[in-house]
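Me: I have a model open and want to learn how to read it. Can you take me through it feature by feature?

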Amino acid sequence: MKRTPPQHPHVGLFVTCLVDLFRPSVGFAAIKLLEEASCTIDVPAAQTCCGQPAYNSGDRADARAIAKSVIEAFEPYDYVVAPSGSCAGMLKKHYPALLADDAQWRPRAERMAAHTFELVSFLTDVLGVTAVAARHDGSVTYHDSCSGLRELGIQTQPRQLLRSVDGLELLELKNADVCCGFGGTFCVKYSDLSNAIVERKTADIAESGAETLLAGDLGCLMNMAGKLKREGRATKSRHVAEVLAGMTDAPAIGEGVSE
Amino acid sequence: MSGRDVVLRKVRRALGVTGEEAARRSAVAERLKKSEPNIIPERGKRDREGRVALFREMAEAVSATVERVAASDDVPTAIARYLREQNLPAAFRAGADPAIGALPWDREPNLTRLSGASDGRDTVGLSCAIAGVAESGTLVLVSGPDNPTTINFLPDAHIVMLSADDIAGDYETVWQRMRERFGAGKAPRTVNLVTGPSRSADIEQTLILGAHGPRALHIIVVG
Amino acid sequence: MNLTADRFKDNVRVALDDDQLQRALTHVRSNFIERRAKAVDALPEFEALREAARAVKDHALTHLDLYLEAYETRVAESGGHVHYAETAADARDVILNICRKAGARTVTKGKSMIAEEVDLNNHLEAHGVEPVETDLGEYIIQLRGEVPSHIIAPAVHVNQDQVEADFRRVHTHLAAERDLAEPTSLLAEARGVLRDRFLAADVGITGANFLVAETGTSIIVTNEGNGDLTQILPRIHIVIASIEKIVPTLEDATTILRLLARSATGQDMSVYTTLSTGPRRPDDPDGPDEYHVVILDNGRTAMLGTEFQDMLRCIRCGACMNHCPVYHAVGGHAYGATYPGPMGQVLDPAIFGLKATHDLPNASTFCGRCESVCPMKIPLPKMMRHWRDKEFERGLSPAPQRWGIRAWAFLARRPALYRLATGLMMRALGNLGSDRGRFQMLPFAGGWTAHRDLPAPEGRTFMSAYRAKAQNKGRKT
């Protein structure tokens, strides 16, 4: 379903709770990328979280209530864009399912779902961006976060944009499509299992030889960065938007001002 | 209430049906009567020679050996040669299939032919397949006095005669032929689709030929 | 069976510390995945076949009562007997009765997960009938006193040297100095030992991959040929299968067959696909004199017509577990119920009850790889989520977890309060962590920090930084 976007699309930025709380830099990088693609951006104040923790814990009532308030806040915009495949997938794929038996809300959920995109997919698939004006000296590797990959089909898009970054060398990651073991509340509820999975991931990351690990979801990144740091590895971790926007001044994820 | 009635009642309650609905009954009757194919891969849709070539390619890919002879009269010699080359005894067991009985066995007087079902003491078995399926290199064998099923499984080496004319592109063609031969809704006791010699990968995922069935499968395509 | 799903987390710990198991699991992670991908890529119609197969099963399930009736009519016409079993106990009784009537002492068995589900072997043994597993993998685990850890590769958790040790321990009638260093010699030994058991068995029990309504035929798919020797040599052949194995026609079975082996082992077709219809015919020189089919419900009718119905499309190929990061980490025994991996995480609660198995649908990252490779397009993550809904509704999840989610949701539904609370907290955490950028330990975050550092927040939340920036901009212009 390809539509011609308006010349200056009005985008509601769904920041996502993790970016809001842990890594505002990603939000600002997203804004920069969207503005460069001539979008007008709004950040609705009524947003908190997409509701996945409740939805995936069986708390459907709370998940539905949160979904409704997100829809209310975001339905006025031409597009809803989130720097996360997981949260965008929640809005796009799961809200309509969650509200399927609600005659009033289902059409609203579906309408918004049709206009909701993950950031990189929005830039490439909707706006037709094929290159970014950024520079990053060094090698990176890219992990495909599961929801983005399998719910939204995001795989070639970030790699395509990364190849346009000056000075950047993209090294492929073995098993890039295998889960990192984050899984939202899974990673604390089944900490041992999550660890066994992320251990394999960090070994693959190390094997890639890349200086920096990139991905499109902060949850996965915090998990992988946290494990890389615990293992004492030098690999840096960043959200892909930071590199695409050329905004890598902030310390990498899990690194401090002293490093 | 019998187990049957309990289970069927639970099925019907779960589906919200009585089982008496005319539309449902006719949908089921129709489907069973028509036996329509769903999707047939393009792979097998070839002419006769194309099917023979594909059958051979696929069968060899799963470690069967395949040879082609011009006429059925050549089969005894082909069998004798195969047994010699494989260092197998010049004896085999076969059923009462007239296609086997009619072969010129006198051309290979050293071959010993045993008749009837196998009791597990035969090294070599010979069968006639009713069909081959080119898309996967699969043989179709049916039970009965002509080709006892034990011969398909107990001997170490299994030799199968297959007429080139009987190589179909796909399974669906074979099912249709079987309906014509055995009657709609009917089937012989056992139909074996055999795709290569037996194997197991149960030890560390290492594929090894010769599990409980034959260690070797040799197919002689006739014509 | 020994249900240990209620100790799932302990099982996980044990599995992670088991070096032999971890060594064995490396085979699952590579072989199955590569072989499947290759076979799927080689068949352009694979996607279309998935859709067609889904339609076949959906149709069969919505007409299940009628197809069961059609099937049993055909079985009777061909001289066989159909028995229905509502529960696992019913199935065990039916089978034991057939064995007793026949005066059976030994029973050979083809691989059947349904037989595992109803715990058939223990029941037979307890009543003086010796079950002999004949699939190599099943035979190995029977010698070890274990249950399958994988639905198509039951002994995938066992390494070759362990098999050798088991054979030496059990096959004491063979020369002690024999060479068993290669997998081929192990297979040859099993073949020899089991050949005698095949020929001596009174009853053979197999499962079924399909029950075909059109002809009253049961179909099994194997590579070893053990399923065939199991059914043609003894006097009695018993098939045990669950209700959802029904397909209308041979064409329908064929459509699914084209997916089954490719998804399971990466073969185009398994070596032996065997169609069995009734007992031997009057002039047949071999085959069983009696043919019985035991059709099991055991919780499945309770899935029919519900959000779990899609699960009844499952054809037991194992692709979901072959691609599951959780299965890769711990193998099949940790799940502690008959069916491991994603399909088990949906099916086990329906069979064994949610209370005893409630960890299973939770132990998933929802990475979705299982659904993406499922030949029958079963939405496995979605159905695990449905079990989580039920768990939450019934209050089966741990209370702190439930209240944690509710408290968090309370905040998430009140943006102003959320902003205030999170703003304060992130600022505090940001200050604490700004130097190193991460925490190695943090109160209440032990689940995270046990194994990895927690990246520190940057300090200010995005929302507050963004508002400040916007206000700044406003003042300047």
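Me: Start with the chains. How far apart are the closest C-alpha atoms of chain A and chain B?
Reply: This is a predicted model. The closest C-alpha atoms of chains A and B lie 20 Å apart, and no contact joins the two chains.

Me: Which pair of chains shares the most contacts?
Reply: Chains B and C do, out of two pairs in contact. Their contact draws 81 residues from chain C and 64 residues from chain B. On the chain C side, helix H10 (residues 183-200) gives the most, with eight residues. By class, that side of chain C has 35 nonpolar, 27 polar and 19 charged residues.

Me: And how many residues does the contact between chains C and A take?
Reply: Interfaces are often sized by the accessible area lost when the parts come together. Here we count residues instead. Chain C supplies 54 residues and chain A supplies 63 residues. The chain C side of that contact divides into 26 nonpolar, 13 polar and 15 charged residues.

Me: How do I describe two packed helices?
Reply: Use the angle between their axes and the distance between the axes. Take helix H1 (residues 3-15) of chain B and helix H4 (residues 64-77) of chain C. They pack at about 155°, with axes 9 Å apart. Angles over 145 degrees count as roughly antiparallel, so H1(B) and H4(C) are roughly antiparallel to each other.

Me: Which residues make that contact?
Reply: H1(B) brings Leu8(B), Val11(B), Arg12(B) and Leu15(B). H4(C) brings Leu64(C), Asp65(C) and Leu68(C). The tally is five nonpolar, no polar and two charged residues.

Me: Now chain B itself. How many helices and strands are there in it?
Reply: Chain B has seven helices and 12 strands. Its C-alpha trace spans about 70 × 40 × 40 Å along the principal axes. Of its 223 residues, 48% count as buried. Among contacts in chain B with a separation of 6 or more, 73% join residues 24 or more positions apart.

Me: How do I check the length of a helix, say H7 (residues 171-182) of chain B?
Reply: At 1.5 Å a residue, the 12 residues of H7(B) should span 16 Å. The end C-alpha atoms are 16 Å apart, which agrees. Just after H7(B), Gly183(B) takes a positive phi of about 100°.

Me: Which residues of H7(B) are buried?
Reply: Tyr171(B), Glu172(B), Val174(B), Trp175(B) and Met178(B). Seen down the axis of H7(B), the buried residues fall within an arc of 155°, so they line one face of the helix. The face turned away from that buried side carries the exposed residues Glu180(B) and Arg181(B).

Me: What covers the buried residues of H7(B)?
Reply: The cover includes three strands of chain B: S5 (131-133), S6 (138-142) and S8 (167-168). It also includes helix H12 (250-264) of chain C.

Me: Last, a single residue. Where is the place of Ala113(A)?
Reply: Ala113(A) sits in helix H6 (residues 105-114) of chain A. Leaving out residues up to four places away in sequence, Ala113(A) touches Leu91(A), Lys92(A), Tyr95(A) and Pro96(A).

Me: Why does Ala113(A) count as partly exposed?
Reply: Count neighbours. A residue is buried with 20 or more other C-beta atoms within 10 Å, and exposed with 12 or fewer. Ala113(A) has 18 C-beta neighbours inside 10 Å, so Ala113(A) counts as partly exposed.

Key: Residues numbered from 1 in each chain as written. Chains lettered and ligands numbered in written order. Predicted model: local features only at pLDDT ≥ 70, side-chain atom pairs only at ≥ 80, totals over all residues. Helix = DSSP H or I, 4+ residues; strand = E, 2+ residues; numbered from the N terminus. Expected span 1.5 Å × (residues − 1). Arc of directions from axis to C-beta. Contact = placed C-beta atoms within 7 Å. Axes fitted to C-alpha atoms, helices over the stretch in contact; angles between N-to-C directions. Parallel < 35°, antiparallel > 145°, perpendicular 65-115°, else oblique. Nonpolar A, V, L, I, M, F, W, Y, C, P; charged D, E, K, R; others polar.
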